[in-house]
Amino acid sequence: KIQLTDLSIAHRDGRVVIEDADITVAPGERVLLGGESGSGKSTLIRAIAGLWPWGEGRILLPAGAKVAFVPQRPYIPLGTLRDAIAYPVEGKLLSDDRARTVLKDVGLPYLQGKLDDEDERWDQTLSGGERQRIAFARLLIDQPNVIIMDEATAALDIDSEFRLLTLLFERLPKASIFSVGHRPGLQELHSRLLTLQRRPTGGRIVQTRTRDRDAWKRMR
């Protein structure tokens, strides 16, 4: 399980953003973080990912956890498309069959023939939606057991967002997933909703909704 205990998160200047958060997330739970702008959603998930050092309390991850953080605009390294898909490992370790399969899975079959083109600047030519699809391809290849996503599907249309999230949840059923997103319908794809409310003393989790796995399967 992932456990957050007496967790308070602050800005660099010491101002408290989130106060006294206590959360337990089991393997396979898909947690959607909601709340108004400025309530601390992105800061919370960055702290869970180990990318935000200011604050106090405890964040406990499973021993040996493989953590993946997916921002709204995923990083695309210089090099070939194969390098971009395989990142952060070397592209030469990714086989042709695996690369082509995962491109098809995430809706990029038209790029299958360009895996090793050396003249393309993929960091400049890929659209926002294509970048996000590449990020999902990396998740399917790497198979982390803790996935933290910050507006990771915001550049996709609603149907594509639904298909990619459903694919991810089906392929990695034991992964614990934290998502920040605002679109209607995202709640139905997640098994749990946490709502952060901004307060003078710091953001607070004020609402928790859950859906058991069987109910989610029936909904689908």
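1. Val-17 lies in strand β2; helices (H or I, at least four residues) and strands (E, at least two) are DSSP runs, numbered from the N terminus. The model is a predicted one, in which local features need pLDDT of at least 70 and side-chain atom pairs count only at pLDDT 80 or more, while totals for chains, interfaces and linings use all residues. Residues are numbered from 1 along each chain as its sequence is written, and side-chain values use heavy atoms, with hydrogens and water left out.

2. Val-17 counts as buried because its relative accessibility is 9%; buried means under 20% relative accessible area, exposed over 50%, and partly exposed in between (1.4 Å probe, protein chains only). Leaving aside neighbours within four places in sequence, Val-17 is in contact with Ile-9, Ala-10, His-11, Ser-39, Gly-40, Thr-43, Gly-202 and Gly-203, contact meaning heavy atoms within 4.5 Å. Between the C-alpha atoms of Val-17 and Arg-138 there are 31 Å, with the two residues 121 apart along the chain.

3. The open sheet is formed by 3 strands in the order β2-β1-β4, with antiparallel pairing; two strands pair if DSSP finds at least two bridges between them. Its edge strands, β2 (16-25) and β4 (55-60), each pair on one side only. From one strand to the next the twist averages 10 degrees. Axes are lines fitted to C-alpha atoms, for helices over the stretch in contact, and angles run from 0 to 180 degrees between N-to-C directions.

4. Strand β1 (residues 2-10) pairs with β2 over 6 bridges and with β4 over 5 bridges, again in the antiparallel sense. Leu-4 stands opposite Ile-23 in β2 and opposite Ile-59 in β4. The bridge partner of Ile-2 in β2 is Val-25. The hairpin of β1 and β2 has 5 residues between the strands, and in this hairpin Gly-14 takes a positive phi near 95 degrees.

5. Helix α1 (residues 41-48) packs on the sheet and touches β1, β2 and β4; its direction makes about 125 degrees with that of β1. Since 6 of the 8 residues of α1 are buried, this helix is largely enclosed by the rest of the structure. The buried residues in α1 are Lys-41, Thr-43, Leu-44, Ile-45, Ala-47 and Ile-48. Gly-50 follows α1 and has a positive phi near 85 degrees.

6. The largest nonpolar core has 39 residues, and those with the most contacts inside it are Leu-81, Ile-85, Leu-103, Ile-134, Ile-147, Met-149 and Leu-168. Such a core is a set of buried Ala, Val, Leu, Ile, Met, Phe, Trp, Tyr and Cys residues joined through side-chain atoms within 4.5 Å. Two or more residues come from each of β5 (67-70), α2 (81-86), α3 (96-105), α5 (128-142), β6 (146-150), α6 (158-171) and α7 (186-189). The element that gives the most is α5, with 6 residues. A second, separate core of 22 residues includes Ile-2, Ile-18, Ala-47 and Ile-48.

7. Ile-134 lies in helix α5 and counts as buried because its relative accessibility is 0%. Not counting residues up to four places away in sequence, Ile-134 touches Ile-76, Leu-81, Ala-84, Ile-85, Leu-103, Leu-108 and Leu-126.

8. The largest pocket has a volume of about 370 Å³. Its lining comprises 20 residues, of which Tyr-87, Pro-88, Arg-138, Leu-139 and Asp-142 lie nearest the centre. On a 1 Å grid over the protein atoms alone, a pocket is an open set of points where a 1.4 Å probe fits, with protein on both sides within 12 Å along at least five of seven lines; lining residues have an atom within 4 Å of a point. Grid points are joined across faces, edges and corners, and a volume is the space filled by probe spheres set on the points. β5, α2 and α5 each supply at least two residues of this lining, and the largest share, 5 residues, comes from α5.

9. Some backbone values deserve a check. The peptide bond from Tyr-87 to Pro-88 is cis, with omega near 15 degrees, and Pro-88 lies in the loop between α2 and α3. Asp-6, in strand β1, has a positive phi of about 50 degrees although it is not a glycine. Gln-143, in the loop between α5 and β6, also is a residue other than glycine with a positive phi, near 50 degrees. Asp-6 counts as partly exposed at 48% relative accessibility, and Gln-143 counts as partly exposed at 48%.
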